[in-house]
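The following explanation is intended to be read beside the sequence and the three-dimensional structure. Please keep both in view while reading.

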Amino acid sequence: MSAAPAFALPRRARLLPELVARHRGDGFLTPASVEAVAREVGVPAAEAWETARSFHEFRFDAPGGERACAGIACALHPGFHEPELPAGCLFRCYAPPASGDEQPFPAEMERQAGPLLGPADRTWAGLERARRLGPAAVLDAIEEAGLRGRGGAYFPTARKWRAALRHGAPLALVMNAEEGEPGVFKDRALLCLRPGRVVEGLAIAMEALRPAVTIAFINGEADPAAEAFERALADSPIAGQVLLYRGAGGYVLGEETALLNAIEGRRAVPRPRPPLPVDSGLFGMPTVVNNVETLAAVAVILREGPAAFRAFGASDAPGTRILSLSGRVERPGVYEVPLGTPLAEVLDRAGAPAPEGLAVLCGGPSGGFLPGAMADQPVLPGRYHPTGAMLGAGGVVVLEAPGDIRRAALTMAAFNAEQSCGKCTPCREGTPLLLEALGGNPAELTEDLLDAIQLASLCGLGQMATGPVRSALAFWPEVFS
């Protein structure tokens, strides 16, 4: 964790960084190492254990071999073998089958670039303009551009910033680069290929928000992305002003309050809402959490101006979106496209098969499947179909239908059951029941079970876990009979 002079976090905020350091040093955590960390940061050993156990990438026994990806894109590859040490998704869906540690995102997998992924100069022109304009005018520019968050919820960015500022109290700014959704690797691409653009966007957000503390939270396995970000940060005007946290896994960290709990040294589970993070977030401060792609877009807006940003995309969803394409395509990788572009057009560029016999998984474990005939949907926020398919974080996995559907649906159901943080009963108990019924007797998948998971779960993981199942059953019921 690097030094940042503006604000000293409470002592227990060192818990996760210290656990990560012990895990990296030893390869796993032991009772003695966790208890030693607990003493160092002044928390009860039981709380330290509870926190450590809530992160899916922490091991508690000596590792038994090289990890191999068990994600959909890898499982579909002819060279795939069931791994002895499965690792969920290793986020190299563009080069299956994947195993071992993460590698830098390859430049050749940048298949289509726009303002976010395009060539970058080595100046800080956007930040310099932000400093000339002042915080109020920066906010006006972000609002005029119509930027909506790129983490998956698409909440208007300026509205979120204003909501935190209205309290007139010290606030926190958090960059979320956890990126734990299978089939999504666009943040890794940005951090590896265009780290300066992300750092500049973060610096502009700091200029507008004047946070008491700024934190960059990066996936614990994404070492190449973290190293590229750190190099860009060290060479920037905000060097020394950002705390770097590394995660330890957990899809639920895409939920803002679970991420804030992790930073605070608590169990990585979501909090009830209200209050919203913009009202009471990190250690009670108003808190803004922004995704990597959102911050890159902030840099583009301040460099090029709101009108140039709005020249791409749709009127109610301006700008571009980076899609992560994998599966049965000839040219997997990242595609930056204007919002509103027909999905079928992107699939064609990627070399997907003809629509007949084709399916796409849109939105990963929180989304759903679409038949190829319905892939003419525009790339826009919101659902593509009531059963679950949606843009989400921009992950698109191309499948053969019906041949790949059963395995893909079971993989998504298994992922959600394994990643459930366990805090709320509908998700903790419901997602394993859903997986068991889908793999055994689909007749047990009653609407009552699906509705209980979807309507009563505390956060989006459970609320949207039924999407892949509902959509697979709606379009290809025969593969489960």
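The paragraphs below treat the sheets, then the helices and cores, and finally some features of the backbone.

This is a predicted model, in which local features need pLDDT of at least 70 and side-chain atom pairs count only at pLDDT 80 or more, while totals for chains, interfaces and linings use all residues. Residues are numbered from 1 along each chain as its sequence is written, and side-chain values use heavy atoms, with hydrogens and water left out.

Helices (H or I, at least four residues) and strands (E, at least two) are DSSP runs, numbered from the N terminus. Two strands are said to pair if DSSP finds at least two bridges between them. Strands of a sheet pair through backbone hydrogen bonds, in either the parallel or the antiparallel sense.

Strand β10 (residues 358-362) is antiparallel to β12 (residues 395-400), with five bridges joining the two; Leu-358 has Glu-400 of β12 as its bridge partner. Strand β10 also runs antiparallel to β11, through four bridges, and Val-360 is partnered there by Leu-370. Five residues lie between the strands in the hairpin of β10 and β11, where Gly-363 takes a positive phi near 95 degrees.

In a regular strand the side chains alternate between the two faces of the sheet.

Helix α6 (residues 135-145) has Val-138, Leu-139, Ala-141, Ile-142 and Ala-145 as its buried residues. Seen down the helix axis, these residues fall within an arc of 160 degrees, so they line one face of α6; the arc is that of the directions from the helix axis to the C-beta atoms. On the other side of α6, Ala-136 and Glu-144 are exposed. The elements covering the buried residues of α6 include α5 (125-133), α7, α9 (195-209) and α12 (292-304). After α6 comes Gly-146, with a positive phi near 75 degrees.

The loop between α6 and α7 holds Tyr-154, a residue other than glycine with a positive phi, near 60 degrees. Tyr-154 counts as buried because its relative accessibility is 4%. Thr-157 lies in helix α7 (residues 157-165) and, at 2% relative accessibility, also counts as buried. Among the residues that Thr-157 touches are Ile-142, Leu-147 and Asn-290, where contact means heavy atoms within 4.5 Å.

A nonpolar core is a set of buried Ala, Val, Leu, Ile, Met, Phe, Trp, Tyr and Cys residues joined through side-chain atoms within 4.5 Å. The largest such core has 64 residues, and those with the most contacts inside it are Phe-105, Ile-142, Trp-161, Met-175, Leu-202 and Phe-229. Helix α9 supplies the largest share of this core, nine residues. Apart from it lies another core of 43 residues, including Val-34, Ala-48, Phe-60 and Leu-253.

Two peptide bonds remain to be noted. Pro-274 and Pro-275 are joined by a cis peptide bond with omega of about 5 degrees, and Pro-275 lies in the loop between α11 (256-263) and β5. The bond from Ala-401 to Pro-402 is cis as well, with omega near 5 degrees; Pro-402 is placed in the loop between β12 and α15 (405-419).

Notes: Buried < 20%, exposed > 50% of the residue type's maximum accessible area, 1.4 Å probe, protein only. Lists of a residue's contacts leave out its neighbours within four places in sequence.
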